[in-house]
Amino acid sequence: MQSKRLSTAEVLAELDRRMTARATEQIGEAIFPFLFSAAVLHVFDPATLVPWNGLSLRVDPVEAVFDYSMPAIGFSHLRLRSLKPEVRRRALSWLWQYGGRPAMRGVLEANDAYPTDVQVMFAKWLREESPELSALSFDELRALGQLYDWGLSEFGGLPERSVFDRVVRSRSSVSLFEHLVDETFVGRETELQALRNFVGVVAPSIWERLRSFVGLESQPPMVLWGPGGIGKTALIGKFLLEHVNAPQSGWFPFSYLTFDSETVDIREPFTLLVAVTSQLEFQVPDGGSGSRARLAIQSFRSRVNEYRTGRDRLRRRASVTRNRSADLSNAEETLYRSFGSMLGEIAQAAGEEQGASQVPVLLVFDTFEEVFYRAQEEFLGFWRMLENAQSAFPRIRIIISGRIQPRASWSSSVKAVELPLATLSAPDAQRLLLNLGVTDPTVAQALVRQLGGSPLTLRLAARVAESEDVTAGIKGVETRRFWIFSVAQSVVQGQLYRRILDHIHEPEVRALAHPGMVLRRVNVAIIRDVLAPICGLGKIDQDRAEYLFDSLRREHALVSIESDSSLRYREEVRQPVLALLMNDKPDRVRAIQEAVVIFYLPSETVVDRAEEIYNRLMLKQTGEDIEGRWLSGVENFLYSSVNELPVEQQIWLAGRMSIELPPASYQLADLSSWERLIGRKALDAFRYGGPKETIALLKQRSDRSLDSPLFAIEARAWLALDFPRDAMEVTGRALANYPALGNRGRLAEILWFRAQAALRLQAVEEAHVTLERLVEVTRNLTSALTSVQALAEILALPKPLGAADEIYRERLAESLNKLSDSEIQKERDLLRLALVRLGADYPKTVARIAPRVADGFLQFLRTGLLHASDIFATFSKYAHIFRNPVDNPNDASPPQREILEGAVRQILKIVEDGKGPPEMTELLLDLFATEGASLASAGLAGLDPYREVWEREAASEVVS
């Protein structure tokens with residue numbers, strides 16, 4: 001029920017009393033009518049506001065509302081503004097008190113409203129039209145959500161907020177596809193049915209009978225592939241929209257991920273599982289049927305945290321593990337099976353909601369071309385993740401979509417089901433053109449004959465046909481306007497894109513897009529400093545550059561918006577145009593590439609550096625020119641464009657990032673190039689497939705350069721397989737002919753693994769001789785860390801071979817004191833172990849190093865990874881030096897761990913200050929010893945200066 005009608009004077013008095021903005025200034029009542037008008041408009045031009053009831057005509061409307069409004073998001077190019085939320089809510093509330101919906105309608109009718117989705121929803125609310133939530137698109141739901149933010153739900157006419165939120169949550173899962181799948185979508189019925197059959201979409205009423213017939217057997221992944229613009233994502237979207245819009249046909253949970261997302265990394269499969277879980281969580285039904293599923297989600301997230309903690313421990317050089325590769329593999333399998341179990345609970349909840357025992361869960365991975373060019377070894381972890389999850393829940397259905405036909409070597413144990421997406425049939429292609437506005441059947445048939453059935457190509461052709469008279473061209477009239485019927489098929493698509501560019505309304509924006517499309521990424525500064533001068537616009541100021549950027553951003557067919565608000569040209573548009581540009585305007589292309597390289601030189605960000613390196617590669621600069629510009633992480637922004645680069649540049653890149661080259665490239669490579677190429681693959685195989693995969697790769701070629709990096713990689717793989725004799729053979733072969741002037745870091749690493757192999761074989765004398773040689777080699781290495789590790793290992797050898805302990809301890813203390821701050825921070829776990837083996841006879845060294853490396857020990861103590869009984873036993877040995885001894889409680893609960901942590905911190909402080917008794921240093925080192933760490937299965941520290949880029953970029957689990 002509406003409140004009593006207020007007089008104008010009463011409304012203005014109430015406004016004057018409540019308005020908080022600019023409270024200290026004298027504000028005339030005359031501005032409030034403008035606020036009323038702005039309150040009923042989603043966005044507005046202040047200069048055209050008509051005040052409520054015709055009041056305040058003497059006030060400048062721009063000045064009146066400026067402080068109470070803000071630039072309207074998405075309308076900055078039109079200089080439109082939007083009222084601040086708190087001001088709008090108050091103004092609408094006062095209008096409601098004054099006269100309800102009729103008052104609001106009156107204000108709205110006096111003003112010209114921009115027909116945004118929000119404005120349309122507001123108009124419907126004013127007409128008291130109740131929205132049917134299930135019929136609204138996601139954009140319409142978001143617009144409706146604004147009305148809740150405006151406070152209109154207080155006045156009735158809107159669905160319950162909880163119901164609205166539930167519908168938004170469901171609709172958001174397919175929001176991406178609503179722009180791709182509209183009324184123009186045609187055909188693809190065969191492919192849609194293939195997807196239905198693959199996923200197992202059936203009516204709930206017959207689900208149980210089919211389930212008993214087909215069982216719960218797993219299916220291999222389906223790979224949907226076809227060239228850019230063929231309609232892969234639209235097909236997936238059509239299938240998922242069909243499912244969401246008609247859940248009675250068999251509802252199932254699903255997730256949709258793209259590999260161009262910054263949050264997922266195929267090298268770290270758990271990141272995909274985390275993203276999938278976040279999407280599926282929104283689809284778990286409310287109430288009792290979903291409670292188990294929500295508990296399973298919580299349990300899986302706990303497993304993820306445990307996995308990440310375990311990974312952190314495996315990255316530590318001094319660790320309790322004896323086989324990093326096996327421990328990591330076991331941890332990942334446990335995580336992946338936990339994920340599968342969670343999917344089973346989610347499927348069970350979904351099935352119970354519709355009267356079935358269990359339903360499938362669909363995982364869609366799109367834009368697979370973003371990772372396609374990676375070395376095949378990096379896919380091993382991805383496939384293993386999917387296989388383990390499916391073994392725990394066989395009803396997982398996996399669809400992988402990309403532009404390129406899958407390689408047979410993607411998975412050694414699973415053969416994917418391929419669904420190549422062909423062009424539309426001629427009738428469907430003509431129907432699409434009809435839907436797009438090409439109503440003349442003769443024109444439509446001619447377009448299909450010339451261009452084929454690619455949906456994207458046909459959409460572009462329809463756009464050109466919309467603005468050009470093509471009828472005469474069909475009848476044979478010779479004129480440049482009718483180009484579309486006279487060019488070769490091989491250049492049709494590129495020419496179409498160029499014609500689209502020609503139809504960009506503003507000439508300056510057209511000049512930026514062509515030839516500016518030679519660049520992959522554009523922002524305001526690039527427009528101002530790079531493109532404008534070269535593309536004939538001359539020197540422009542910041543405002544002009546921002547205007548041109550906003551104009552280009554509205555060309556949705558050409559660009560997409562990146563997370564940093566820059567624009568990236570769509571690959572399916574850019575690549576055909578790029579080929580034309582490089583043929584038609586090579587000098588202009590080169591000028592733009594050279595200018596943008598100079599533009600990026602001052603930047604240190606990974607994204608900018610990747611663009612710089614991409615353009616250097618396109619300019620065919622030498623590896624020496626590019627090497628110094630390489631930054632870790634740039635490779636993630638180069639994969640999608642590998643196929644654009646010259647072959648020589650692809651081979652150079654393969655030595656620095658994971659790229660799968662054709663087999664002939666490996667066969668024809670000289671020995672040093674082959675070692676660099678295969679070495680990267682071998683390290684990837686070690687991490688994602690295991691040491692057996694590494695050995696298989698290295699056996700492809702037996703010859704080695706004298707100081708080959710492959711010797712150490714192979715030795716480590718044999719050790720991970722627990723074949724120390726093979727490791728001894730490899731290292732012996734390497735040492736027999738190692739050159740006097742060879743890479744000293746590689747020599748040190750070979751010696752280290754030989755010593756480890758000897759210890760596995762209990763050949764202590766051989767280990768001692770090898771480590772002594774290693775210590776001598778480390779004298780001339782860049783970092784003292786290598787010497788620290790070698791000496792610490794010698795001190796752990798059994799007596800009497802370690803009879804010269806005191807000499808080694810002195811040298812270890814000397815090496816420890818040479819370490820820089822950065823070296824200490826990098827190898828804290830190794831240094832704790834080194835201090836334990838050094839002993840308490842070097843209190844100054846311990847006092848300098850121990851407080852700076854103790855955080856890992858304290859973390860283990862805090863998280864319960866150390867046995868509390870060991871800690872208490874250590875304290876009890878030194879009870880005589882405490883006035884208040886630490887009690888040994890019966891549990892290791894968090895409060896007790898906090899007490900212990902506090903005690904350790906006090907000891908660290910005493911040792912650092914050097915004011916306590918000598919036993920305090922002994923106690924601290926005994927506490928460090930409770931970690932039980934060793935250097936078994938570890939690599940050698942301090943070798944980065946001697947490694948190539950591909951070695952430094954390898955996963956830490958295989959180099960630390």
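This is a predicted model: local features need pLDDT of at least 70, side-chain atom pairs count only at pLDDT 80 or more; totals for chains, interfaces and linings use all residues.
Strand E10, residues 567–569, is joined to E8 by two bridges in the antiparallel sense. Within E10, Leu567 stands opposite Val522. In general, the strands of a sheet pair through backbone hydrogen bonds, in either a parallel or an antiparallel manner.

A parallel arrangement is found elsewhere in the chain. Five strands form an open sheet in the order E4-E5-E6-E3-E7, and their pairing is parallel. Its edges are strand E4 (254–258) and strand E7 (417–420), each of which pairs on one side only. From one strand to the next, the twist averages 20°. Strand E3 (residues 222–225) and strand E6 (residues 396–402) run parallel and are joined by four bridges. Met222 has Ile399 in E6 as its bridge partner.

Glu268 lies in the loop between E4 and H11. Is Glu268 buried or exposed? Glu268 has a relative accessible area of 18% and is therefore buried, the cut-off for that class being under 20%. Leaving aside neighbours within four places in sequence, Glu268 is in contact with Arg311, Arg315 and Arg687.

Thr367 lies in the loop between E5 and helix H14 (369–372). Its relative accessibility is 13%, so Thr367 counts as buried. The phi of Thr367 is near 55°, a positive value in a residue other than glycine. Most residues other than glycine have a negative phi. Gln762 also has a positive phi, near 60°, and is likewise a residue other than glycine. Gln762 is found in the loop between helix H34 (744–760) and helix H35 (764–778). At 69% relative accessibility, Gln762 counts as exposed, because that class begins over 50%.

The largest nonpolar core has 158 residues. Those with the most contacts inside this core are Trp630, Leu653, Leu816, Leu831, Leu835, Phe875 and Phe928. When residues up to four places away in sequence are not counted, Trp630 touches Ile613, Glu635, Leu638, Trp652, Leu653, Arg656, Met657, Val949 and Glu953. A second, separate core has 74 residues, including Val174, Phe252, Leu362 and Ile398.

Finally, Ser956 is found in the segment after helix H45 (949–952). How many residues lie between Ser956 and Arg316 along the chain, and what distance separates their C-alpha atoms? The two are 640 residues apart along the chain, and their C-alpha atoms are separated by 9.0 Å. Ser956 has a relative accessible area of 24% and is therefore partly exposed, since this class lies between the 20% limit for buried residues and the 50% limit for exposed ones.

Terms used:
Residues are numbered from 1 along each chain as its sequence is written. Side-chain values use heavy atoms; hydrogens and water are left out. Two strands pair if DSSP finds at least two bridges between them. A nonpolar core is a set of buried Ala, Val, Leu, Ile, Met, Phe, Trp, Tyr and Cys residues joined through side-chain atoms within 4.5 Å. Buried means under 20% relative accessible area, exposed over 50%, partly exposed in between (1.4 Å probe, protein chains only). Contact means heavy atoms within 4.5 Å. Axes are lines fitted to C-alpha atoms, for helices over the stretch in contact, and angles run from 0 to 180 degrees between N-to-C directions.
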